[in-house]
Every structure is written in structure tokens, then in C-alpha cells.
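Me: I would like to learn how to read the parts of a protein chain and the place where they meet. Can we go through one case step by step?

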Amino acid sequence: MFSEFQSQYITLSHIGEGTFSEVLKCKKICTGKTFAVKKLRKQFKHFSEVKSLPEVFVLEKLSSHPNVLPMLEYVFDSQDKKLYMIFELMDMSLYDLIHARKRCLTETRVKHMVYQLLMGVDHLHKNGIFHRDIKPENILIKKSVVKLADLGSIRGTRSQQPYTEYISTRWYRAPECILTAGKYGPKMDIWACGCVFFELLTSKPLFPGANEIDQLTKIHQVVGTPSPRVVTKLRHNKSRVGDIKFSPYPSVNLAVILPFTSDGGRELLKRMLVYDPDMRISSCRLVEHRYFGDIRLADTA
């Protein structure tokens, strides 16, 4: 006997998997079209549990945007108690794109991809939610179109802190996510986008920390050790790493680590990687930044 999902879709292949789900390439029987299907590992007792999932709730209510991957439909299978979320099938993730290449991407191409990523992030932020797990694996591309995907970790900007401490992947985790006990907000997405920007330009992660202390050290070696005022401000929100003493590091001139990137690109990245989240640039200001002026002009032509 076929289950609800099996009666509608045929599984063709396995695309990937994460802690909470796996992604399948499936064909819809009635149309013959192929889709990406996110199958959650969790079993649900009732359909009401599915409806209350933040990702399902937001994807049903969120207005469409060309740079956010929409959920087309979902199937709750009462036989295996699993949820299947149906999405457009994209070509690959930015992680796959980076690792499939022998040469770095051109800055022009990177700029177009980062602009689309930031447009998607800005759409979420304007709608009162933030992603919390931006990384190359969760950013998908189809031809030249970039879409932010996997909203399984989203939170509302007005929801009650503290949030879950361990959420974003360590290499893309903003300082406030490491130093505080869940006292962070939408600006963590901006930091992660900055890390992705650097990785697209160089094909190398910017802060590949082995653990949280090493992560902070690698951050300080690039952006500089924060001032006592910033450290005190963050630790006021209950530090998670104890009262450790940070070695003093000056900030690195980004021209040293990004010698082939334009001044405008380096200036944009610097504003995305500001240690104090209150001083870090917002998504709405980023998409209006002069660095993207030529793209905005082309879009309005």
C-alpha cells in the first residue's frame, strides 16, 4: 500500500542531508516534473504539530521573493508520520559551486550573487524574521539566480531572548553568538553573509575555527581584538566562554588578504564584519550600498 507521499511522488535520488532532515530529488507523478523534497527526520503525532512548525508557518505566510526559496506545497504522511516539504529544484548550493571550481570566481560574478543573497536576507528582516544559519550550503543557485534556502532555524525579531545558543554553523557564527548566552539578533545574518562573501571571493573560509575559543581567536586576528567596552557590553549578557583574557590583535588591512578585490568590495565587507552588532550595517543599508549601484541601475533600466 502506497503512503500519501509515495502516491504523489517518486524518489529519484538523494541530494543531501543535515542533522534534522534529508533532501531528495523527486518526480511528481501527475506532472512528471522534478522537485527538491525536504524530508524531516522527526516524526509527528498529529497534523497540528506540522502546522505549528516555524518553517512551515513562515513559508506559508511569507510573501514571495525572487531570492528566497519558496515552499510549493507539503505532504504530511500519516503512515510514516513524516513531513515532506516540496521546493523548486535548484542546480546546486554555493558550497558545491565553490568546491567544484579550480579557480576563484570573478568579483563581478560574486557581487551579483552577494547582492541577491542580501536582497533575500533583507526580505526576511523586513518581515520580522532572521535566518540564523546562513552558510554556503544553505544558499542555492540556478543558472544566475541565487536563493536563500533552509528556513528551519528562523526566529522572529520580536521573539523572546535568549535564543538557542548553538544554531549557526561555527565558521559563520557572529561574535555575539559565541560570547553571549543566546543574546543575539538579525545582525548575526549580516556577519554570516560577510563570511560567505569572503569565501566566494577566495574559495576559502574566513574563520575556520576548530572550537569556539579558536573561532574567536581567528576572528580577532582579522578584525582585531574588541575594545574593553565592547567585551563588557557583550559579557553583560552572560558570557558563555568564561572570563578569558583575549590576546591583543590589531585589525588586518583587508587589502592584504583580498589583494585582487576592489576598494568598494573590501569596504563593504569591513562594514559587514563589525564586531559590535549594534554598529554592524543593516540589511536595508547593505542593499542600498554604492557597491551595488551598477546592479540597481541595471535592474531599473
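Me: Which domains does the domain assignment of the protein chain give?

Reply: Keep in mind that this is a predicted model. The assignment gives domain 1, residues 9-88, and domain 2, residues 92-300. Their C-alpha centres lie 27 Å apart.

Me: How many residues of domain 1 are in contact with domain 2?

Reply: Contact here means heavy atoms within 4.5 Å. On that rule, 14 residues of domain 1 touch 18 residues of domain 2. The area buried between the two domains is about 1,300 Å², and carbon and sulfur atoms give 62% of that area.

Me: How many salt bridges does the rule find across the interface of domain 1 and domain 2?

Reply: A salt bridge pairs a side-chain nitrogen of Lys or Arg with a carboxyl oxygen of Asp or Glu within 4 Å. Three are found across this interface. Separately, look at the side chains of Lys142 and Glu88, which form a salt bridge at 3.4 Å, N to O. Between the domains there are also nine residue pairs in polar contact.

Me: Which helix gives the largest share of the side of domain 1 that touches domain 2?

Reply: Helix α2, residues 54-61, with four residues. By type, that side of domain 1 has seven nonpolar, four polar and three charged residues.

Me: Which residue does the UniProt annotation "binding site" cover?

Reply: The record, an unreviewed entry, places it on Lys39. Lys39 is in strand β3, residues 34-40. Beyond its neighbours within four places in sequence, Lys39 contacts Phe20, Ser21, Glu22, Lys82, Leu83 and Tyr84.

How values were computed: Residues are numbered from 1 along each chain as its sequence is written. This is a predicted model: local features need pLDDT of at least 70, side-chain atom pairs count only at pLDDT 80 or more; totals for chains, interfaces and linings use all residues. Side-chain values use heavy atoms; hydrogens and water are left out. Domain bounds come from an automatic or database domain assignment. Buried area is the accessible area (1.4 Å probe) that two parts lose on being put together, summed over both. A polar contact is a pair of N or O atoms within 3.5 Å; within protein, one must be able to donate a hydrogen and the other to accept it, and residues adjacent in sequence count only if both atoms are side-chain atoms. Helices (H or I, at least four residues) and strands (E, at least two) are DSSP runs, numbered from the N terminus. Ala, Val, Leu, Ile, Met, Phe, Trp, Tyr, Cys and Pro count as nonpolar, Asp, Glu, Lys and Arg as charged, and the others, Gly among them, as polar. UniProt positions are given in the numbering used here, feature names are shortened, and annotations may be inferred rather than shown by experiment.
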